[in-house]
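Please walk through this protein chain with me, from the overall make-up down to single side chains. Keep the model open as you read.

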Amino acid sequence: MKQTCLCLALFFTLWSFSQSRPFKISGNLISEETNEPLDAATVYLQRVKDSALISYTISDEKGKFILEDKTYDASANLFISYIGYQTYFKNIEFDKEAVDLKTIKLKQDLNNLDEVVINAVAPITIKKDTIEFNVKSFKTKVGATVEDVLKKLPGVEVDQEGKITVNGKEVDKILVNGKPFFGNDPTITTRNLTKDIIEKIQVVDTKTKAQAFTGEQSDSENKTINLTINKENNKGVFGRVSGGLGTDERYEYAGMFNRFDNDQRLSVLAGGNNVNSPGFSFGEIEKMFGGARSVRFNGNGSFEVNGRSFGGGQGITESRNAGVNYADDFGEKLELSSDYFYSGSTSENETRTQRENILPDSRYFTNSNSNNVTDTDNHSFNMGFDIEIDSTLYINIDPSFRYSSTQSVNSNNQESFNESNELINESSSASVVDNASKNFNNRLSLTKKYGANGGFIRFHLSHRINERESEDFFNSEINIYGDNPSDLIRDQFTDGENKTNNVSSNIYYRIPLISNEFFLNLKYNYSNNKEENRRSTYEKDASTNEYDLFNTDLSTDFEYVNEQSIPGIGLSYRKKDWNARVEGSYVFRTLENADVLRPQFNLKRRFEALELSSRLWYRLSKTASMSLSYNLDNTPPSIAQIQPFKDVTDPLNTRVGNPDIKPTNRHRFFLWFHKFDFQKKVGFNGSFSGNVIQDEIVSKTTIDENFVRETTYANVNGNKNFRGWLGFNKAVKIDTLKTIKFNMGGSGNYNKRVNFNNDVKYASKVSTVSPFVEVSLDWKDVMEFSTRYQLNFTKNTYDLESFDNRDFTFHSLHFNTATFLPKHLEWRNNVQYNYNPNIAEGFQRGAWFWNATLSYSFMKEKAILSLKAYDLLNQNTNARRTANQNFIQDSQSTVLQQYFMLGFSWKFNSLGKKGEIRNRNFRWRH
């Protein structure tokens, strides 16, 4: 009987949807006072019955709009909103398909109290460089997170690992009411704050706090998302707790408590699992499994399946997390934000590899097996003080402290064969390594504005101190066969200490040449980076059984200083729809190394170089823009690359620096474009970037007849790489409840590398093309479906006849489904198929990977009982092939196996009235 009722209910639901009628509403918007067209005004249609959003659009640069959709309502309320103008209202009767409203004159908002006040909020508002979304306008499932809402927004993409892009630009910062929330991990915010507490989602270009204070244009190519909570709703507590137990002793738990009291905010979280879930989450299927089987494709021909590291590394990781976040405003001049976060992990991994090593005149083969167990504990504490003395003086202080400790137990066995399959050398090693590090960093920024023409002076000071101590017990045996066989046995203890003390300062002076438009920028940077490195190695004395025989060859004790002074000058110009800047600076750099154990390796070198920076940004319309940038950077060699000390820590792979190498000059350019047509629900974005490198520092390795490698460094010219990206997305609304989205595009990469192979110079060219297509269906309260297919082609070519050109292909297919019928029951599936035809025999080339969850909500949607299944087909693998100019390697390591888990979660919320967000009032005129 229940099944019959369910079928009837579904039939009548489908029948009612089929009765939806198309409509088309058009018009032209102008200002009543100026008669100028109003572009980027929001035109939206709401149901009369419950004010639910039916559809919306944005007017074009001529003020024209066309709102096309389908509805089964006989009439609806039309609203038109524009910043600084009164909201327009009209009830629309759908007695005919096309409604032409002709010219509509909007009146400026003069806060006339005699006007009628109504509750209506535009779904999207465009303000200069800010796009603002009204969260309630975008329908999601009950209990949805911020990440679920972001996936509904036009122009916003969220991948399976939680990475967010807006019109092709990555989001690198997420704020809550303008303040950070648990450091720099956006997923803590997006996956744990729920939709019902958020009112607005604002998207802006990423700026520093000082840039926001002065009103400077952002130089960042990233975006920032700010989540706002209405003040009247920003008081109360909310949170969530969850836990789960599964087969094979699998478990997870998580909890978050938040107390908001307007400007004061306190949050506490804790969690843990042994199911390789990265970071902190409540274990929903799309979050919990989203990163468990990711695919990464590298331009050098490397394919990685499940290549992501969790906590201490690959394999199976047991993680634990806890944190506290506190923010408050003390009066109108001081803002405080702080957080403490602890993360720990225990990971186990076993890896086997087969490598074909390519030499100009021969090949040899290496097989290896390794085991690793790593325990890691990390503590971090961050604070931020924002002090606005007055409207012209701003001070920002950001101290932070980090402490981490790691113990790693490793074992490795390796053997190398020649082309005749003769064993040439073999080695085995075991080690126990303990590391402890402390880091203190403090940043001070002081900005003083002067006059009313946009001038200011800024001083920035940064001080970073790092200390790391290590203890390494190591034993190994190396056997070299052939004409001159040898056997090297080591039993050693190494005590290490590394200290760095980095100080950098910057003075920036902006002089207005034309008020608030054209500026002369003067700056001076100074930095002094000092590194002290001591590594004392002791051999075990067989007579005393103590590690007291000092080994000079394996020990180091040096001090390295990198001091640089950089004066610079630039010009910047800004208008309403475009801005540009160009800067030039000259680097005076001194590199100095003092070696206590080997004074003959003391050195002091001075370098000078020109650096350039420029950027142009142009707004084509309020929904389209582009930017172009060029930079010339100079990078010095590291101490390991420049110090002529022979490092024989690994006798089969020794290294020695080159004191004659020069710094690297890198020419970088970046072009970006985006456009989103809100009337047609079509978005397009593209980018093109490149690097042309002079004097790049590369490794130069020689290999003897016993396959012992010695590596030094050299400068080369001719290295370059280019990358292009195109993306297209379109939403097609079938009716008020069903929407289909199309997302397609691809990237192309070209990388030319000049390098050395066994002291022979050569060039390699790697070309990669990666197209993809994605289709999704969203049927409100009924189902969600999405599928994505990506194909990767890589072509490697070499200018040495002895090197074979190689082609690689990789296929990736994803399915995600969710059904929400009957009510309170939710069934989700995540199916992935990856196929790598290039993997060698003995390694798994392809596999299906299927995760599923079935959940039931009760207690007024506050509680959820779930059953999860991981790897239903029991085919999980992480076989990978890595190929470059020097080798081809196949590897496979430990992966998480099939399990089932029963879980429970409960959420609570007392923000505002029953935790609901209330609409903001808007004025309209008859």
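Buried means under 20% relative accessible area, exposed means over 50%, and partly exposed lies in between, with a 1.4 Å probe and protein chains only. Lys179 is buried by that rule, because its relative accessible area is 9%. Before going further, note that this is a predicted model: local features need pLDDT of at least 70, side-chain atom pairs count only at pLDDT 80 or more, and totals for chains, interfaces and linings use all residues. Residues are numbered from 1 along each chain as its sequence is written, and side-chain values use heavy atoms, with hydrogens and water left out.

Start with the whole chain. The protein chain has 926 residues, and 48% of them count as buried. Its secondary structure comes to 6 helices and 52 strands. Helices (H or I, at least four residues) and strands (E, at least two) are DSSP runs, numbered from the N terminus. Contact means heavy atoms within 4.5 Å. Among contacts between residues at least 6 apart in sequence, 65% join residues at least 24 apart.

Now return to Lys179. Lys179 is found in strand β14, residues 179–180. What is Lys179 in contact with, leaving aside its neighbours within four places in sequence? The partners are Asp263, Arg265, Ala327, Asp328, Asp329 and Glu335. Ser337 is 158 residues away from Lys179 in sequence, yet the two are 7.1 Å apart in space, C-alpha to C-alpha.

Next, the nonpolar interior. A nonpolar core is a set of buried Ala, Val, Leu, Ile, Met, Phe, Trp, Tyr and Cys residues joined through side-chain atoms within 4.5 Å. In soluble globular proteins, nonpolar side chains tend to be buried together. The largest core here has 41 residues. Leu150, Leu193, Ile201, Ile225 and Leu227 touch the most other members. Take Leu150: beyond its neighbours within four places in sequence, Leu150 is in contact with Val156, Val158, Ile164, Thr190, Ile201 and Ile225. Another core, of 22 residues, lies apart from this one and includes Leu78, Tyr85, Ile92 and Phe94.

Turn to the strands. Two strands pair if DSSP finds at least two bridges between them. An open sheet of 3 strands runs in the order β4-β1-β7, with mixed pairing. Why is one side of β4 and of β7 left without a neighbour in the sheet? β4 (64–71) and β7 (98–106) stand at the edges, so each has a single partner strand. Neighbouring strands of this sheet are turned by 20° against each other on average, direction ignored; axes are lines fitted to C-alpha atoms, for helices over the stretch in contact, and angles run from 0 to 180 degrees between N-to-C directions. Strand β1 (residues 21–31) pairs with β4 in the antiparallel sense over 8 bridges. Gly27 stands opposite Phe65 in β4.

Further along comes a run of antiparallel pairings. Strand β31 (residues 556–574) pairs with strand β32 (residues 578–595) over 15 bridges. A hairpin through 3 residues joins them. Ser565 stands opposite Phe588 in β32. β32 also pairs with strand β33 (residues 603–621), antiparallel, over 16 bridges. Here Asn593 faces Leu603 in β33, and Arg589 has Phe607 as its bridge partner. β33 in turn pairs antiparallel with strand β34 (residues 624–635) over 9 bridges. A hairpin of 2 residues makes that link. Trp617 has Ser627 in β34 as its bridge partner.

Finally, the rings. Rings of Phe, Tyr and Trp (its six-membered ring) pair if their centres lie within 6.5 Å; planes under 30 degrees apart count as stacked, over 60 as edge-to-face and the rest as tilted. The structure holds 34 aromatic pairs. Tyr573 and Trp578 form a tilted one, 5.2 Å centre to centre with 35° between the planes. Tyr573 counts as partly exposed because its relative accessibility is 24%. Trp578, at 30%, is also partly exposed. Phe722 and Tyr750 are stacked, at 6.4 Å and 20°. Phe722 lies in strand β41 (residues 719–733) and Tyr750 in strand β42 (residues 738–757), so the pair ties together parts 28 residues apart in sequence. Ring pairs link Phe669, Phe688, Phe722 and Tyr750 into a cluster.
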